[in-house]
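Dear colleague,

Please find below the structure for your files.

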Amino acid sequence: MDFAAELKRHVARVERGIEQYVPRADTRPARLHTAMRYSLEAGGKRLRPVLLVASAETFGARDDAALPAAVAIECVHTYSLIHDDLPCMDNDDLRRGRPTAHKAFDEATALLAGDALLTHAFALLAGNYPGDLARALVRELGTAAGSQRLIGGQMEDLLAEKKTDATADEVEFIHLHKTAAMIEAALVMGGLVGGADEAAQASLRQAGRHLGLAFQIIDDVLDATADSATLGKTAGKDARANKATYVRLHGIDASRRMATEHTATAQRALRELPGEHVFLEALAQSMAQRTK
Ligand code: GRG
């Protein structure tokens, strides 16, 4: 398998899906739809939708069946970035190599664009899948993005900034909920589209949990070691904002070792899946080696 070519194929498919399944920028009110597309089209890595599409393919999903779900998860992810960058949260000026949405537009437009991306995701799931599958996908994404996962992780992250002594348990909670929940959901939603059975869904969940932790640990390491131009977002912010991170608790070398261990655990879970999962395993490896 040519990993780079496969990745390019999946990313191109996701970009095509975004073009197809999100209202055009000139849809009234154009300012809102322009802002939604501004953030969506800023060129993120598309990790979550690629995981979703690749997971669905592992279970033999027909071509493009996973696209609406892939666009839905990228919409929710992008909403979370827009809101995270707002002055009332992380107050950041740079995202995906561009001015953040509230800098390029204004705070109210950024807030509404985030809200609209979040709600659009669920309309996409409800409108593009048959009853039982739509219900399962809505439940999976709604749970992953909800108060006990993504939003809960963000809340604890903000609370931890006010403390000087975040524990390993608190850091793991934040990262499991703020980061791993959506990566887990991407794999499981792909499995649902492809008709994965309960056992396979459990393996996907286990893989997503460890992939998500590895991804966040690398994110912490990159924040401490890479520059803003490479990352396309402000580097070195964690230390300045007193963030509860793996690097702060364990140091860079131990954090890198932990990321390697979580990646290996995720790959073991992927090997339990039926069907062809070479691409997913290679993607896990490339996530561990990423430089941005
Ligand atoms: C506002 C509800 C709410 C949640 C915000 C996404 C988020 C939670 C915070 C952003 C900061 C952060 C470090 C989050 C952890 C998840 C993460 C690493 C997000 C960035 O994902 P990438 O690297 O981004 O996949 P791209 O731009 O490539 O899609």
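Leaving aside residues up to four places away in sequence, Gln-267 touches Glu-281, Ala-284 and Gln-285, a contact being heavy atoms within 4.5 Å. Gln-267 belongs to helix α14, residues 252–271 (helices are DSSP runs of H or I, at least four residues, numbered from the N terminus). With a relative accessible area of 10%, Gln-267 is buried (under 20%, 1.4 Å probe, protein chains only).

The model is predicted: local features need pLDDT of at least 70 and side-chain atom pairs pLDDT 80 or more, whereas totals for chains, interfaces and linings use all residues. Residues are numbered from 1 along each chain as its sequence is written, and side-chain values use heavy atoms, without hydrogens and water.

Polar side-chain atoms of Lys-45 and His-77 lie 2.6 Å and 2.8 Å, respectively, from an oxygen atom of the ligand. For Arg-96, a side-chain N or O atom is 2.8 Å from a ligand oxygen. On its own the ligand has 710 Å² of accessible area, of which the protein covers 92% (Shrake-Rupley method, 1.4 Å probe).

Kind regards

How values were computed:
Helices (H or I, at least four residues) and strands (E, at least two) are DSSP runs, numbered from the N terminus. Buried means under 20% relative accessible area, exposed over 50%, partly exposed in between (1.4 Å probe, protein chains only). A polar contact is a pair of N or O atoms within 3.5 Å; within protein, one must be able to donate a hydrogen and the other to accept it, and residues adjacent in sequence count only if both atoms are side-chain atoms.
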